[in-house]
Amino acid sequence: MTRMRRAALAAALACLLSSCGADPDGEEVTVTEADRAYGAQAHPQLLAEFGGAYQGEEARYLAAVGERMAAAAGLEGRCTFTLVNSDVVNAFAAPGCYIYLTRGLFAAVGSEAELASVLGHEVGHIAGRHAQRQERRSLWRRLGVAGVALTGSERLTRLAGQAAQFFTLRYSRTQEHDADDRGIRYLQDAGYDVHAAADMLSALGRHDRFMAATNGRDAARSIPEWASSHPLTDDRIERMAAAAEATGLADDAQPEREQAYLAEVDGLLYGDDPEQGFVLGRGFAHPIMRIAFEAPEGFSLTNSPRAIRLSGPGGVAGEFGGGQMPGQGVRAYAQALANHVVGDAPAELESAGATAVNGLPAVLMRVRVAVRGGTVPLSIAAYDGGGGQAYHFIIASPPADESAAAVIALFRSFRRLSAEEAARLRPRVIRTVAVRPGDTAETLAGQMADPAPRALFDLLNARSGDQPLRPGERVKLVRYADRR
C-alpha cells in the first residue's frame, strides 16, 4: 500500500470515528466524537444556566433555518440548534456543533435571511474550529465559592463554568473574519440574499447604540450581548458588504423571506420571563413567588434561571436564590447554606442572629473565609418565605470593602409582594401588525409597552426617523400579553 493510499485510508477511518463533511469549496469539515461528547455534556447545564430552551413554533423554525445553513456548510444532520429563553441579544457555538441563539436576538432580526446569516456565522466558527483554539474562561470564577452554593455540586460548578465560556468567548479578528467569510458562502449556497449578513451586523450595531442611549438597559449583564462577544466594527460591516458584492449577486437577487420571519416572530415573549421574575432597574420582583427586593445605588442585577446575580461598587459580588425550607426552620437553612459555601476552607463566624425583615423570619450571618493571601468577608441572609420556601442572599466583598451598610440595606429590602403588585407585573410579547392608511411611526410607537416606545419601534423595524410607512407592510410592536 502506498503512502498516499495509507493516508487516504487513515483519513477515511478518522471520518468514520467522527462526523465529516465538505463545505461548498471542498474543505473537509469535521465534528469529532470528543466534540460531540463535550457538547452533549455541556448542553443541559448551559441551558439551565442561561434560561433554558424556549419552546414552540419559533424554536422549530430556528432549527429548520439552522439545518439549511448546516447543510450548506457540509454538516447536514450533525448540528443541534436551540432557541435560548433569554432576552439578551446573542448567539454562540459550542463544540459538537451545538448552536444557540437567544430569543432576544430572534426578536432583533428583520428577516429569515438575517437569521440565517447569524446561524451561518456560528456554523462558520464550528467549521473553523475556533472555540477549540481560544483560551477557556469561566463566568463562575468571578463568584468563587458562591457558585458552588447554588449548583450543589463542585462538578456541576466546573461544568457550568466550561459551558459559560461560550457566552463570553471573544474570538480573534482573524477568526471573526473567517466565520464571516464562511457565512457568506453558506448564505449563497443555501439560497438566501447574501447582502443580509451586512444588514444584520448593522442592525446589531443599532441595538448596541439603543442600549447605550436608553441608560444601558441592563448594560451590566454578566452575560454579554453580541457586541461584546463578537465585536462590531465599521471595518467588519464594510468587509461583509464587499464580500456580498464580490459574489456578483445584486441585493435581493436571492430571497430574504421577510414575511415568513414576521409570521413566526408574532407572539414571541419579549423581555423578562415571568417564570424567572422581572429585573426592574436595581429591583427584582417575581409575580409567581410574590417576592421582591431592591439593591442600593451602584448595584446591578442579572436575571438567570438559577439565581439573580448581583454586582456592586468595589468588586462586591453575590447571588440571590432560594430552596426548600428544612423542617428545623430558617436557622438550619442558613447554617446549611454557610457550610456548603465555605466547604473545607478555614472560616470564622463573626456574627449570626435571628431577626425579622418586613415581617418575615430571617437569619443574618457574616463569615470570614480564609483564602490565599488573606480573608474574604461573606455575608448571608436567609428568609422564611412561607409555604415551605426559603430564600437567601450570598454576598462576597473585598477584604477591605466598606460596603457593609449597603449590603445590610439590600438584605432589609427583601419583602413579599401584595396580590395587586404581582398582578401589575405582566409579560410582554412581539406582535406583528399590518400598517393601515393613516398610521405613522409615532402612532404605532404609541402602542408599544416600553419606556422608550419610539426608539424601540425604530430599532425592531430597522427604521430611521423620517422613513415613511407603506399601508399593508407588517411591523413589529411590543405589547403586554393578554391576561389568562
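Glutamate 350 and arginine 368 form a salt bridge, with the closest N and O atoms 2.7 Å apart. A salt bridge here is a side-chain nitrogen of Lys or Arg within 4 Å of a carboxyl oxygen of Asp or Glu. This is a predicted model, in which local features need pLDDT of at least 70 and side-chain atom pairs count only at pLDDT 80 or more, while totals for chains, interfaces and linings use all residues. Residues are numbered from 1 along each chain as its sequence is written, and side-chain values use heavy atoms, with hydrogens and water left out.

Back to the pair. It links distant parts of the chain: glutamate 350 sits in strand S13 (residues 347-357) and arginine 368 in strand S14 (residues 360-371), 18 residues apart. Helices (H or I, at least four residues) and strands (E, at least two) are DSSP runs, numbered from the N terminus. Glutamate 350 counts as partly exposed because its relative accessibility is 36%. Arginine 368, at 22%, is partly exposed too. For these words, buried means under 20% relative accessible area, exposed over 50%, and partly exposed in between, with a 1.4 Å probe and protein chains only.

How many salt bridges does a search of the whole structure find? It finds 21. Side chains of opposite charge can pair when their charged atoms come close. One of the bridges joins glutamate 421 and arginine 415, at 3.1 Å from N to O. Glutamate 421 has a relative accessible area of 23%, so it is partly exposed, and arginine 415, at 31%, is partly exposed. Another bridge joins arginine 436 to aspartate 439, with the closest N and O atoms 3.6 Å apart. Arginine 436 is exposed, at 54%, whereas aspartate 439 is buried, at 16%. Arg68, Glu112 and Arg257 are linked in a network of salt bridges.

Next, the cysteines. The search finds one disulfide, a disulfide being a pair of cysteine sulfur atoms within 2.5 Å. Cysteine 79 and cysteine 97 form it, and their sulfur atoms are 1.9 Å apart. The pair links distant parts of the chain, 18 residues apart: cysteine 79 is in the loop between helix H3 (57-72) and strand S3 (80-84), and cysteine 97 in the loop between strand S4 (91-94) and strand S5 (98-102). Is the disulfide right-handed or left-handed? The torsion about the S-S bond is about 75°, so the disulfide is right-handed. Cysteine 79 is buried at 12%, and cysteine 97 is buried at 0%.

Now the interior. A nonpolar core is a set of buried Ala, Val, Leu, Ile, Met, Phe, Trp, Tyr and Cys residues joined through side-chain atoms within 4.5 Å. The largest one has 70 residues, and those with the most contacts inside it are Leu101, Leu105, Phe106 and Leu115. Apart from that core lies another, of 24 residues, among them Ala295, Leu360, Val407 and Phe411.

Last, aspartate 180, in helix H8 (residues 173-190). Aspartate 180 counts as buried because its relative accessibility is 3%. Its side chain and that of arginine 236 are joined by a polar contact of 2.7 Å. A polar contact is a pair of N or O atoms within 3.5 Å; within protein, one must be able to donate a hydrogen and the other to accept it, and residues adjacent in sequence count only if both atoms are side-chain atoms.
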